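Student: Hi, could you walk me through this one? I'd like to start with a hairpin.

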Amino acid sequence: MTDASTDVLIVGAGPTGLTLALDLARRGAAVRIVDKSPAHPRTSRAKGPNPRSLEILADLGVVDEVLAAGSAPLPMRVYRDHRPVAETDPWADAAPTPPTRFDRPWLIAQWRLEEILRARLAGHGVRVELGREVVGLEEEADGHHVDVTFADGRAERARYVVGCDGAHSPVRKLLGITFDGTTAEDQVMVSGDVELDHEDLGRDRWHQWFDADGAVMLCPIPGTRTGWWFQAGPERDADGRPLAPTLDGFRRLLTQHTGLPGRHLTRAELLSTYRVNVRMADRYRVGRVLLTGDAAHVHAIAGGLGMNTGIQDAFNLGWKLGQVLAGQADAGLLDTYEEERLPVAAWTLDLTSDRLRATLEAIREPGGNLSSAMTPETAGLGIGYRWSSLAGTEAGTEAGKAPDAPATGPHPGDRAPDAPCRDAATGERTHLYGTFAGPHTTVLGFGPASAAVLREAAATYGEGPGVRACRVYAADEDHGTAEPGSLIDDQGHAAAAYGFGAGGSGLVVIRPDHHVGIVAPAGDPGPVREYLRRLHGAPGMVDAVR
């Protein structure tokens, strides 16, 4: 048995596990990530991050690589009886807004996204350990660590273990956590990555053939010359049972539904059969072991929220684990992970089931297509935690709102809006999310009366990754003595987004995961002081950790 020098052992190296590992590694945690696979997968699987996940990837420092490696979502061309009958672009009217920099999801093969995350993680000295299958977990009586047994007989020790190991999660099963829900045996799809050499099939469209007796969907894989995602209704035997996918089966489906000669499909790999499962765990934490992503919830594919919900689980959990490991918060902070993310999973199950019903209804009609699966809700930008105990309350006021706080603007628990600004020192264009990025809590101050509270927060917690205090100046304010990192709200978007209006004042605490913690009057340090104490400990406690 090795010593518990590992802070967090992450089981599963998909996008969820890699996001969590990267967030923890940049916080200085001793993190390891293992996967039972003998090699890194090359499957395309999920089609890419939604706008909320893109914000997270930007915070982690990889979004430029993701955007360069992928492509914008494609218009959809719909066919009936082998002939095109409609075209639609669900994102034609989308455009960035001051509160939202990313206005659409992004197409990228999952294996490519994982490559980018692994490379960034390696920059922190952490590499995925392949061929490591977890078969046993036991939290020791001292309550300070978990003993982990691997299939090769080795046993190791970690302070925390997080299962990011998919829908069939061994970690979940070892914990005895139920995974209740349903499997729709009649809702089946076969899929895989294929090579298609038909030159007339343009790679600038997502092609969708829907007929009364089945469907084929072909979406080009970004970064490849002839690679496509292939999705289809399965072939069936004489009794109506779905057949397992094969190369020859894909060729027959291609010819049947598209009219294209099957010989043009030259290779098919990573073949799988998908059944609609709608299930979720009844809890996300047992002592020092936690669940994220598909290990905690699975749902209909409509809306593309599987990978995205996992990435967002990891980003919610990462900073909380980081605070506990640093001694700045007690382990009770980890309870807010389940408190916040389990209701989101339940909502996601309902949303995706509803979108699947809408899509199945739409494609029965000529011209109907998969755009029915996309709604503003699937962007992920509206997800918040107003019910959370981290959205503190003041007596006699709205939850999380201190007396005299603005009635408009985001509520505590909501995603914090972005806004374009200028750097007060250089005059260069920037945005609020650039200030939020990194393993810290942010305190925004609007109006001159906020300056004293910002100075106190910076002096108490400002060293290391703790708290970043940021004064946001109105366009007509004198910023000649601005502190480093201050911003100029030259277009008024920041003040408007947070409900202060032109010339308004106030304080906003932004959690490390871009959600509003509390809103308070500019001259009152009490609410901000108490909120930071909860997330980062009392000043003396912080000094001891340093």
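Tutor: Happy to! In the hairpin of β11 and β12, Gly223 takes a positive phi near 85°, and the hairpin has 6 residues between the strands. Strands here are DSSP runs (E, at least two residues) and helices likewise (H or I, at least four), numbered from the N terminus. This is a predicted model, where local features need pLDDT of at least 70, side-chain atom pairs count only at pLDDT 80 or more, and totals for chains, interfaces and linings use all residues. Residues are numbered from 1 along each chain as its sequence is written, and side-chain values use heavy atoms, with hydrogens and water left out.

Student: How do β11 and β12 pair, and over how many bridges?

Tutor: In the antiparallel sense, over 5 bridges; two strands pair if DSSP finds at least two bridges between them. Pro220 has Trp228 of β12 as its bridge partner.

Student: What about β10 and β11?

Tutor: They form a hairpin too, with 2 residues between them. Their pairing is antiparallel over 5 bridges, and Asp211 stands opposite Gly214 in β11.

Student: Switching topic: at what angle do α7 and α8 pack?

Tutor: About 170°, with axes 10 Å apart. The two helices are therefore roughly antiparallel (over 145 degrees). Axes are lines fitted to C-alpha atoms over the stretch in contact, and angles run from 0 to 180 degrees between N-to-C directions.

Student: Which residues make the contact?

Tutor: Among them are Asp313 and Lys320 of α7 and Glu340 and Arg341 of α8, contact meaning heavy atoms within 4.5 Å.

Definitions and conventions:
Parallel < 35°, antiparallel > 145°, perpendicular 65-115°, else oblique.
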